Amino acid sequence: SSPKKKKAEIEYKYSQDKIQLRSSPKKKKHPILSLSVLSSTKPKPPLFRIASQNFRLQVLENAASSISDFESSLLPHYGNRPWTCEVRLSPDPKLLFRVSTNEKIELACLPQIINHISSYTGTATPTKAAKKIYPEDLEFGFQSLLKIERIWYSPNLETFRSRISVLEHVEELDRRNKLINKCLFRKGAGNKLLKKLPPKKDIMQAGLYRFWRDGLWVKTLNSDNCPYSKFSFQLTPEQIEMCYSAALNHFDKVMYTVKARMLYGELSQGFDLLRERGRGRYDMEIPCFDTAPFKFLMSENAPWMPLVSMILGEDAVLIHKGCFLSLPGSEAQVYHQDGVHLCKERQKKCHAINVFIPLCDLTTKNGATEYCLGSHYLGHDCFFKSHCITPLASAGSPIIFDYRLGHRGLANMSDEPRPILYLTYTASGFRDAMNFSRKRYRKLGQMVSLPVSRSERAKKRAKEENDK
């Protein structure tokens, strides 16, 4: 008798990516049926339901993953980061399934869903017609039992539950990218170099957009066409020379004190005024930076303060300052972030920044700092060499970056030391007790004065003789 005339219970056995259908009536067993038995005269794959709840959920998870990957692939990256889409499908027991051409079980309407998404996302401009084509509660008409819930996460980790709002945000990110290229890299349509310099207001806004996207603000990117060169954000040559001399003099005094007091063992643990950050690398707190001649570093009118205020707000606070010294032959640092995320569940706005000011021109040989763009975003803090840049800023030009941005100092292969002045600013209310706690380090105490050199003694004697 035909299996269509009997109400037989169909059991599905899935083994080694193949399906075997068995008809098992209560009284009389039916032989194994091929899939062609249930198919119609048309060459279409048969549809069936899955009795096993666990197996049905597994197939739905695979379908949700396929839809998620396809949704994400249609949206453009922003700052080396992709869009992601979380998809949830309703696990209704009456849903229909089929066997795909590669002998895998899949949701029967999955191809139609993919085609529908592809046809809709042909344009990034949301229109009234688009809203009618794709209402949020659409069940596709393929299967009234299927309900799809989507949550989109943008490259800057904002959350969206509407496709229209997603496309609007895509347009906004594209507008920001164009402004960045136009104002900071002077590139127009077709990457043609723009001759006219954009207004300062647009340049500042583009710099802020780039800081949000990449976690970095820098005056130059190995280019003489950078529009920042038209504005004075840097230290004067006299101020650079003052800081450079103070940094090297402080290092010499500390190391002479260590030698005079035989404190080589304690040096590896670090002092309050100098800590090792790897072989040939030192983090120094310089007392003279707190004196009146260096008040330009702490002033509210410091050249970089307009940028700091744009990022952190008008109530930004300077919590620490010092100098990184990389000696000739120093090794490259380990990749690291200076601060952690204050919230592990969602991306929060920047709460602290570092302002690096090189006291000499940075080159490919003297150990410039390498930054991993976009690593300040939650979940994107891993090191990717393809995302890294090494800005070769001139002496006195600030490099501002998010406290959470991954970076490392490169090896100094030159014959000269490379000092970098740094200042750490935070939003009001935040303090970093971990990085800047003096309790962690031994106090060096009164430093031993450096011996007077022969040339200095000769100058002193000549001056005394002239006075006589």
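In this predicted model, the side chains of Arg 210 and Asp 214 come together in a salt bridge, at 3.2 Å from N to O. Both partners belong to helix 5 (residues 200–214), and because they are 4 residues apart there, about one helical turn separates them. Side chains of opposite charge can pair when their charged atoms come close.

That bridge is one of 20 salt bridges in the structure. Another joins Arg 163 to Glu 71, with the closest N and O atoms 2.7 Å apart. Here the partners come from two helices, Arg 163 from helix 4 (residues 163–183) and Glu 71 from helix 1 (residues 53–73), so the pair ties together parts that lie 92 residues apart in sequence. Arg 163 sits at 3% relative accessibility, which makes it buried, and Glu 71, at 2%, is buried as well.

A further pair is made by Glu 285 and Arg 275, whose side chains meet at 3.1 Å, N to O. Glu 285 is in the loop between strand 10 (281–284) and helix 8 (305–312), while Arg 275 is in strand 9 (residues 274–276), and the two are 10 residues apart.

Turning to the strands, strand 17 (residues 418–426) is largely enclosed by the rest of the structure, because 9 of its 9 residues are buried. Cover comes on both faces. Arg 418, Ile 420, Tyr 422, Thr 424 and Thr 426 are buried on one side, and Pro 419, Leu 421, Leu 423 and Tyr 425 are buried on the other. Strand 17 also has pairing partners. Strand 11 (residues 317–326) runs antiparallel to strand 17 and is joined to it by 9 bridges, with Val 317 standing opposite Thr 426. Strand 12 (residues 352–358) is likewise antiparallel to strand 17, this time through 7 bridges, and in that pairing Ile 357 stands opposite Leu 421.

Thr 257 gives a view of how a helix residue is packed. Thr 257 lies in helix 6 (residues 237–261) and, at 0% relative accessibility, counts as buried. Leaving aside residues up to four places away in sequence, Thr 257 touches Leu 444, Gln 446, Met 447 and Val 448.

As for the cysteines, the structure holds 0 disulfides. Cys 243 is in no disulfide, and the nearest cysteine sulfur, that of Cys 288, is 8.1 Å away, whereas a disulfide would need the two sulfur atoms within 2.5 Å. Cys 243 is also buried, at 0% relative accessibility. Cys 85 counts as buried at 6% relative accessibility.

How values were computed
Residues numbered from 1 in each chain as written. Predicted model: local features only at pLDDT ≥ 70, side-chain atom pairs only at ≥ 80, totals over all residues. Heavy atoms only, no water. Buried < 20%, exposed > 50% of the residue type's maximum accessible area, 1.4 Å probe, protein only. Contact = heavy atoms within 4.5 Å. Pairing = 2+ DSSP bridges. Salt bridge = Lys/Arg side-chain N within 4 Å of Asp/Glu carboxyl O.
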